[in-house]
Amino acid sequence: MEKRIDDIMRKNFGRGIDQCTDEEIQKGLLILTKEEMENRPRISGKKKVYYISAEFLIGKLLSNNLINLGLYDDVKKVLEAHGKKMEDVEECELEPSLGNGGLGRLAACFLDSIASLNLPGDGIGLNYHFGLFEQKFDNRLQHEVKNPWITEKNWLVRREDSFEVPFRKYTVKSCLYDIDVPGYQVEGVNRLHLFDLDSIEENLVPENDINFDKEKIKENLTLFLYPDDSDRAGQVLRIYQQYFMVSNGAQLILKEAKEKGVDLHHLYEHVAIQINDTHPSMVIPELIRLLQLEGITMDEAISIVSKTCAYTNHTILAEALEKWPMDYMEEVVPHLLPIIRELDNRVRAKYNDPTVRIIDDEGRVHMAHMDIHYGYSVNGVAALHTEILKMSELKNFYKIYPEKFNNKTNGITFRRWLLHCNPELASYIESLIGSDFKKDADKLEDLLAFEKDATVLAKLEEIKKNNKRTAAEYLKKTQGVEIDPNSIFDVQVKRLHEYKRQQMNALYAIYKYKEIKKGNKPTTPITMIFGAKAAPAYTIAKDIIHLILCLQDLCANDPEVAPYFKVVMIENYNVSKAAKVIPAADISEQISLASKEASGTGNMKFMLNGAVTLGTEDGANVEIRDLVGDENIYIFGEKSDTVIDLYAKSGYNSRKIYEEDALIHELVDFIVGPEIMALGQKENLERLHHELISKDWFMTLLDQREYIDVKEKVYADFENRDEWNRKCLVNIAKAGFFSSDRTIAQYNNDIWHL
């Protein structure tokens with residue numbers, strides 16, 4: 001290994017390992033890893049799955065790939081022998097900006113697990129040049145700038161494949177970049193296929209901005225993930241993006257099938273297509289169109305596609321289920337509309353219920369409806385979520401197709417979220433129970449034998465302290481923020497959305513600030529850590545970030561409060577920063593309004609790293625509770641049935657709570673009080689204040705009181721160190737269920753049959 005690395009360094013940089021910079025070593029190891037993967041065979045079999053997704057939040061790949069290839073320890077030893085640290089080399093790698101949040105991170109975990117289970121399966125997506133955006137804080141506000149991650153040496157491998165994609169006004173010719181996906185201790189590799197255009201002009205976007213001419217499709221098509229769709233041009237651009245993705249994907253699938261000698265009349269025996277959320281839904285009419293070009297009749301093409309495509313629903317939020325106006329689609333893909341109309345006509349002929357039509361009375365195409373009617377499987381992503389889909393949101397479809405509905409509770413690549421991001425804990429676990437857990441996460445249960453072992457519990461606490469020190473050093477270095485590694489780390493990191501209720505946590509911060517000002521100091525200092533990006537056009541979400549940043553400065557600059565209580569917002573939260581903060585967390589905040597979070601996967605990562613969940617009965621929190629038991633989790637808030645009922649009857653009134661509960665009144669008014677107003681923008685703070693009182697669509701105030709009470713109990717319980725450490729151990733031991741290896745095995749057994 002030493003000779004291999006040294007040869008690469010000398011060939012590319014003219015110097016040996018000793019003389020090379022960390023950045024050069026990172027590039028050299030990237031070359032080594034890519035060579036290793038290129039020389040490995042593709043995983044193959046009679047049937048293959050194609051996982052189509054608008055997002056793949058793959059994170060930094062160097063260490064993860066080296067671990068999966070079985071080279072990590074050797075490489076680390078070589079670097080150490082030359083006075084180099086793997087962590088410093090890792091810091092030089094840019095994070096591919098190909099995803100946003102849970103949806104994209106899940107897709108990345110799934111690709112890892114598909115390969116690790118030695119199943120043939122590739123990802124299909126787009127090669128976004130600037131990804132989502134890079135978040136900058138200025139004047140306590142979020143600003144979005146472009147995030148150019150594609151440098152000269154990167155993971156992308158240009159392929160020969162190219163396809164013509166027809167739009168109404170012109171046809172474009174795509175290009176293809178692949179990223180190899182190695183499984184853990186598996187000989188072969190799968191691939192993530194990312195389609196692009198050579199005509200893209202990155203200089204359409206000015207420095208320190210994300211705005212560009214949305215009309216120049218050939219030049220802008222793959223610049224950004226989720227371009228601002230608050231206007232018609234943005235929505236039309238999204239249709240262009242989605243069709244470009246699925247047309248390329250469908251053409252690649254048919255090309256590979258033909259190369260294998262597949263009879264297209266039996267495509268479904270060789271191919272499964274998993275539609276990840278509604279963004280790739282147009283693959284259904286597109287595949288029907290392409291099969292007709294192969295001489296297959298419309299009837300048979302529809303039948304083939306209906307046995308090939310499966311749909312994963314990721315949301316209960318109706319506004320997140322895409323509905324594209326027909327005239328917008330006419331502008332982009334007029335050739336798909338006769339097929340979509342035919343699909344809708346067949347539904348209308350069979351069912352008299354207008355709620356299950358593909359095209360509604362307003363002339364909008366409901367993507368999820370098309371997926372359900374013309375796919376053979378519909379799955380939710382947590383037990384509660386799937387039940388809500390069946391009994392409430394998609395009830396009318398469940399009545400028609402009960403056999404299609406199934407649950408696949410999400411999972412995480414526990415090797416990345418334990419072996420890679422928490423090596424000290426992983427190594428200690430291995431010393432206690434052996435190494436089998438790396439392949440079979442259920443083996444983590446063997447840790448329960450040490451539930452009352454004082455030495456083990458003390459060691460877990462020591463590892464957590466070390467991780468807190470590492471996170472504190474990282475935040476000081478990257479953001480200039482000083483935090484106390486001996487404080488309680490209370491962490492809420494995820495996309496900023498009102499249903500995830502970061503605003504409820506912020507109101508608690510106000511409560512704590514006021515308590516300390518009254519002289520009620522916490523026994524152990526508390527650090528509340530937030531990390532979140534808000535969609536550029538999501539005004540209230542950006543107002544919540546503004547409030548949190550104001551609270552950060554308010555607490556930091558108050559000598560009475562600062563030693564006991566800190567609020568910290570991580571700038572530009574991403575996978576790499578998650579890997580620093582999650583191992584350091586004591587408390588995992590999972591406080592979404594019950595019935596609104598489909599699953600969550602952050603909750604699983606925290607649990608695996610020994611944090612205790614403070615959460616509502618929502619998403620996979622329900623399953624975490626079932627696994628760890630009530631004594632090892634803190635649950636609060638109204639249940640999903642109550643919440644669904646309140647929505648159905650318009651029974652929630654935030655103003656009433658605000659007016660009748662003096663404490664809540666005081667906390668909400670603090671947002672526009674003199675302390676915050678001195679730091680913040682009047683417009684943003686008044687808008688947020690008004691939203692909470694007059695609308696509060698995700699019922700923050702409904703659970704606020706109980707949240708405060710339960711959180712106070714969590715902090716009090718933290719003081720009993722032995723008991724707290726025992727809770728941490730139980731959480732780690734029970735986290736094996738949430739391995740994405742288990743999720744993918746279930747997808748395969750129940751849906752794909754590879």
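Author: Let us begin with the sheet. Two strands pair if DSSP finds at least two bridges between them. In this predicted model, 6 strands form an open sheet with parallel pairing, in the order β17-β16-β15-β18-β19-β20.

Reader: Which strands are the edge strands?

Author: They are β17 (565-570) and β20 (634-635), each of which pairs on one side only. Strand β19 (residues 612-615) pairs with β20 in the parallel sense over 2 bridges. Within β20, I635 is the bridge partner of G615.

Reader: Which strands does helix α18 touch?

Author: Helix α18 (residues 454-479) packs on the sheet and touches β15 (488-493) and β17; the directions of α18 and β17 make an angle of about 65°. Helix α19 also packs on the sheet, touching β15, β16 (526-531), β17 and β18 (587-590), and its direction makes about 155° with that of β16.

Reader: How is a pair of aromatic rings described?

Author: Such a pair is described by the distance of the centres and the angle of the planes. A search of the whole structure finds 21 aromatic pairs. In one of them, the ring centres of Y508 and Y707 are 6.2 Å apart and the planes stand at 70°; the pair is therefore edge-to-face, since planes over 60 degrees apart count as such.

Reader: Which parts does the pair of Y508 and Y707 tie together?

Author: Y508 belongs to helix α19 (residues 502-517) and Y707 to helix α29 (residues 700-718), so the pair ties together parts that are 199 residues apart in sequence. Both Y508 and Y707 are buried. A further edge-to-face pair is that of F718 and W724, with 5.2 Å from centre to centre and 65° between the planes. F718 is buried, at a relative accessible area of 6%, and W724 is buried at 0%.

Reader: What span should helix α28 have?

Author: The expected span is 1.5 Å times one less than the number of residues. Helix α28 (residues 682-694) has 13 residues and should therefore span 18 Å, which agrees with the 18 Å between its end C-alpha atoms.

Reader: Which residues of α28 are buried?

Author: An α-helix has 3.6 residues a turn, so residues three or four places apart point the same way. In α28, the buried residues are N684, L685, L688, H689, E691, L692 and I693. After α28 comes D696, with a positive phi near 45°.

How values were computed
Residues numbered from 1 in each chain as written. Predicted model: local features only at pLDDT ≥ 70, side-chain atom pairs only at ≥ 80, totals over all residues. Heavy atoms only, no water. Phe/Tyr/Trp six-rings, centres within 6.5 Å; stacked < 30°, edge-to-face > 60°. Helix = DSSP H or I, 4+ residues; strand = E, 2+ residues; numbered from the N terminus. Buried < 20%, exposed > 50% of the residue type's maximum accessible area, 1.4 Å probe, protein only. Contact = heavy atoms within 4.5 Å. Axes fitted to C-alpha atoms, helices over the stretch in contact; angles between N-to-C directions.
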